[in-house]
Structures are given as structure tokens and as C-alpha cells.
Amino acid sequence: MALSPLELAQAVGVTVRAPARLHLGFLDLGGAVGRRFGSLGIAIERPVTEVTVTRAAADAESGPDAARAARARDAVRAALGVTQAFAVAVDCALPAHNGLGSGTQLALAVGVAVARLSGHPLSAREVATLLGRGRRSAIGMEAFEAGGVILDGGKAMATATGDGAATTGPGAPPPLLARLPVPDAWRILLVYDRAREGLSGDAEMKAMAALPPFPPERAAHFCHLMLLKALPALAEGDAPAFGAVIGEWQRALGDHYAAAQGGARFLSADVAAAIAVVEEEGLPGVGQSSWGPTGFAIVGTEAEAEALLGTLRRRFASSTNLFFDCVRGNNRGAELVAL
């Protein structure tokens, strides 16, 4: 993601290409041991956010989600005391409210570009803190920074919803605990429902506040599985063992969130039906990213993933709201190119 000071000094602008991420869930919603929201996520190769920020005589913005991009530009510029005008062109945006991290990736892409072009070599974590991103989860920010499979440590109970600007204070993103590469052989099947959107903003906050307590013994169980089964399996490239933990965890979280999702584990009944087909084929590592509606399946080989992709496309050919894709993991994070 680095660009040299000379490259930036000579550049008229920067193009940033940032990966989507899947948020696989929170480990301890109740904070039984004093920390809440420790979470796991995966950066994926597509879809992507692509933004071009250029020095300009006057501010301008264009493309999908241009207004949101402009707000990120203005916020970072104000925080850094910069007066330079910038044109922001959103060339490609992630589907909003689909569980892919669209808001964070767009904000970071614009914010990092503005900071770098202004002579401030800020990290994604520093930009996220300036923008108030990542207060509950660091998955999107760390996916932007360097990709991979990311485990963060959540927030201390006293600061789980706090504000602030220090990189280690109440408003700072959670600490990174582990980052492991997505094995080259693995593929992620994605199931999109173009007719639905997941919770966001005030609706998400209200849903989180209304959730029943998550049993401490269940949180301890999943923390144990994460440390001593899922992460070792990932390090060894064992997709079935990794997937078994993810599937069990996703079922528990789906049941926990069901009241906010129409009484079901999945926000979209059509996505649930497609995921059920994947489970019938013997794959355990399935679930929903964040509030959905996007579903996923972790597959150990490209051949197996392509076969499943074909099966899903045939079985759901009449479901025009559904879209399927097969992608690699992203182990690089965002890419910056000087113009």
C-alpha cells in the first residue's frame, strides 16, 4: 500500500483499490471477560472499491456514493488542517448494506488518498480513527491495511461504545490479534440477494441494543474453538476443520440475531435456501456476513468451488434476485497507484 514521498510529491492524484471483507461474527457480545465484540473477518478479491483522488482547483465528486466519499474527504482534510482542494471520483463502489464493508472501504480509500497527497503518511488505522470508523470492529480497517484472515480483540467494556481520537483510546479501533493469509487453494463462494439490504445506521444500533444476553459459556466455547481449532486449521490450510468452527459459530449467532432478521438465521430466505444446498454437499463453513444479506461458503479447492457454483446457478436459475460468485482471498489489502 506504500507510496514513496517522491512519488506522492510528483503525483497529481492517487487511485486506491480496496477489497471487500466478510465479517464472520463477534466472539463475545456480552463482554463476559471484560471485552466485547472481538471478531473474525476475511478480505476477498472482489467486489472492490476503487476511488481516484486528484489535486484540483476546486472540490468535486462523482460516481456512486459520491456524497459519502465527499464527506470522508472533508473530514480528513479538516482533521489535518489541509486547505488543498480535491476531486474525488468513485469508479467502483461495493453494494451498500450487504455485509461487505462498503462504508468503511470507501471512507478509508478516500481518507488515505487525501492524507497521503497532503503529505501525511497515515496508516489505515490512523485514518479510521480520524473518521470514527472501526469503533466496534477492526475487520474492515485491517482488510484495507493488509488483507488476510483477521482476528481483532474487541473493546474493553468501559470503552466499547466510546468516542475519541487517540489511536489507543476509547474511540480507537480494536487491537489486531492475528492476521493469517487465506490459503492460495481456498475459494469463497458468495451468495448475493439483490432484493434485500442488511441493517445499518440507527436500525443496526437499535437491533444490537435489543439483543438478549449472549451466554458467557457459549462465548467461552467459541473463543476456545477459535484459538485452538479454527486458527490452527487455517494455518495448516485445513478448510473442513476451519469451516466446521465457522459453521457452528454462525448457527449460534444466526439464532441469536434471529429476532432482528424476521425470526430466521439468515436475513434472506433465498440466500438461506442456497446455503442449504451447499450444506447438503457436505461443506460446513457457511454463513452470513455481518447483517447480510450476503451469504458465504468456505471451500478448500477451486475445482470443488466451481462445481458448487455451477450447481447453485442451475438450481436457482429462476431466482433472478440471486447472484453467485467464486473468489479468492485477498492477502495484500488496498493498492495505491500514483497518477
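Q: Let's say a charge sits over a ring if NZ of Lys or CZ of Arg is within 6 Å of the ring centre and within 35 degrees of the ring normal. Which residue lies over the face of Phe-37?
A: That's Arg-136, at 5.3 Å from the centre of the Phe-37 ring. Keep in mind that this is a predicted model, where local features need pLDDT of at least 70 and side-chain atom pairs count only at pLDDT 80 or more, while totals for chains, interfaces and linings use all residues. Residues are numbered from 1 along each chain as its sequence is written, and side-chain values use heavy atoms, with hydrogens and water left out.

Q: Good to know. How many aromatic pairs turn up in the whole structure?
A: A search finds 5 of them. Rings of Phe, Tyr and Trp (its six-membered ring) pair if their centres lie within 6.5 Å; planes under 30 degrees apart are stacked, over 60 edge-to-face, and the rest tilted. One of the pairs is Trp-186 with Phe-242, which is tilted, with 5.5 Å between the centres and 40° between the planes.

Q: Where in the chain do Trp-186 and Phe-242 sit?
A: In distant parts, 56 residues apart: Trp-186 is in the loop between β8 (176-180) and β9 (187-193), and Phe-242 is in helix α8 (residues 239-257). Helices (H or I, at least four residues) and strands (E, at least two) are DSSP runs, numbered from the N terminus.

Q: And is Trp-186 buried or exposed?
A: Trp-186 counts as buried because its relative accessibility is 3%. Phe-242 is buried too, at 0% relative accessible area. The cut-offs are under 20% for buried, over 50% for exposed and partly exposed in between (1.4 Å probe, protein chains only).

Q: What kind of aromatic pair do Phe-316 and Phe-324 form?
A: A tilted one, 6.1 Å centre to centre with 45° between the planes. Both of these Phe residues are buried.

Q: Switching to the core: how many residues does the largest nonpolar core have?
A: It has 45, and Leu-40, Phe-242 and Trp-249 are those with the most contacts inside it. β1 (13-26), β3 (39-56), β6, β9, α6 (201-210), α7, α8 and β11 (295-299) each supply at least two residues. A nonpolar core here is a set of buried Ala, Val, Leu, Ile, Met, Phe, Trp, Tyr and Cys residues joined through side-chain atoms within 4.5 Å.

Q: Which element gives the most to this core?
A: α8, with 9 residues.

Q: What's the lining of the second largest pocket like by class?
A: There are 14 nonpolar, 4 polar and 4 charged residues. Ala, Val, Leu, Ile, Met, Phe, Trp, Tyr, Cys and Pro count as nonpolar, Asp, Glu, Lys and Arg as charged, and the others, Gly among them, as polar.

Q: Now the backbone. Which residues does a cis peptide bond join, with omega about 5°?
A: Gly-292 and Pro-293, and Pro-293 lies in the loop between β10 (286-288) and β11. The peptide bond from Arg-46 to Pro-47 is cis as well, with omega near 5°; Pro-47 is in strand β3.

Q: What is phi for Ser-290?
A: It's positive, about 55°, although Ser-290 is not a glycine. Ser-290 sits in the loop between β10 and β11 and is partly exposed at 28% relative accessibility. Asp-65 also has a positive phi, near 60°; it is in the loop between β4 (60-62) and α2 (66-80) and is partly exposed, at 30%.
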